[in-house]
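Please look over the sequence and the model first.

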Amino acid sequence: MPRPYLAVLFDLDGTLTTVASLWRHLHESLEQWHGNADDYQERFLQGAIDYNTFCLLDARHWKGKRVGELKKIADAVELRPGVREIREFLRKRGLKVGVISTGLTLLAERVHRDLDLDFTIANRLVTRGGCFTGEVKVNVEHGRKEEAVELFCNQFGIPQDRVVGVGDSQGDVSMFRAVGFSVALNPLDEEVVRAANAVCRCTDVMDLVLHLPLGPPAPGEGAVH
């Protein structure tokens, strides 16, 4: 009997990391949040500006800053307990593992390397000559993560109904709707709970294993190549 699920796609900020939003974390670290970026977020949530404009207004605050300055902040962001262990568990089960994030490649690329992920997509701050230009390349739009799910599935030849999605916020609901099974990991509100097939509230991300519909391992399954 074929294994029902072949891949797990995770949200990044707040789900696999201790920081709920790298965008906000950068602003707060540089004392640019209150009276500036918090206003952009509120305007976006009220529908006064679209997502691309929201991201551009944010990115303009970092125009001219050295890449290393923001990278240092992103590099200090920690993974939640159990993240490395669940990555290894899923690897041994033969599943593809990826990240779909409306956060920034500034953090996502580091996590991709550290966890040896199969797929990672996030939004990219444009750089030139070692500095940020104030522009942003939006690869994952808020509320449209299903497009990234489709991209992943096309790349690996995996049907969307054989993918598990894991996230914590309203921005992950579109991913939940695009996959075969979804888990709200430490959900931030009831909308996320309602949209998910299962809910996991935990400190150690390895507890998520109890909620994943993976079934027993097949004979010989789990070899790491």
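The text below covers a helix packing and then the aromatic rings.

The model is predicted. Two packed helices are described by the angle between their axes and the distance between the axes. Here, helix α4, spanning residues 67–75, packs with helix α6, residues 105–115, at an angle of about 55 degrees. The axes of α4 and α6 are 9 Å apart. Roughly perpendicular pairs begin at 65 degrees and roughly parallel ones lie under 35 degrees, and α4 and α6 are therefore oblique to each other. The crossing of these two helices, α4 and α6, is right-handed.

Which residues meet where α4 and α6 pack? From α4 come Leu 70, Lys 71, Ala 74 and Asp 75, and from α6 come Leu 106, Leu 107 and Arg 110. Four of the residues in this contact are nonpolar and three are charged, with no polar ones.

Turning to the rings, the structure holds seven aromatic pairs. One of them joins Phe 152 and Phe 156, with 4.9 Å from centre to centre and 45 degrees between the planes, a tilted arrangement. Both residues, Phe 152 and Phe 156, belong to helix α7, residues 146–156, where they sit four residues apart, about one turn of the helix. The table gives their accessibility.

| Residue | Relative accessibility | Class |
|---|---|---|
| Phe 152 | 0% | buried |
| Phe 156 | 24% | partly exposed |

Phe 152 counts as buried because its relative accessibility is 0%, and buried means under 20%. Elsewhere, Phe 44, Tyr 51 and Phe 54 are linked into a cluster by ring pairs.

Technical notes: Residues numbered from 1 in each chain as written. Predicted model: local features only at pLDDT ≥ 70, side-chain atom pairs only at ≥ 80, totals over all residues. Heavy atoms only, no water. Axes fitted to C-alpha atoms, helices over the stretch in contact; angles between N-to-C directions. Parallel < 35°, antiparallel > 145°, perpendicular 65-115°, else oblique. Left-handed = near helix turned anticlockwise from the far one by under 90°. Contact = heavy atoms within 4.5 Å. Nonpolar A, V, L, I, M, F, W, Y, C, P; charged D, E, K, R; others polar. Phe/Tyr/Trp six-rings, centres within 6.5 Å; stacked < 30°, edge-to-face > 60°. Buried < 20%, exposed > 50% of the residue type's maximum accessible area, 1.4 Å probe, protein only.
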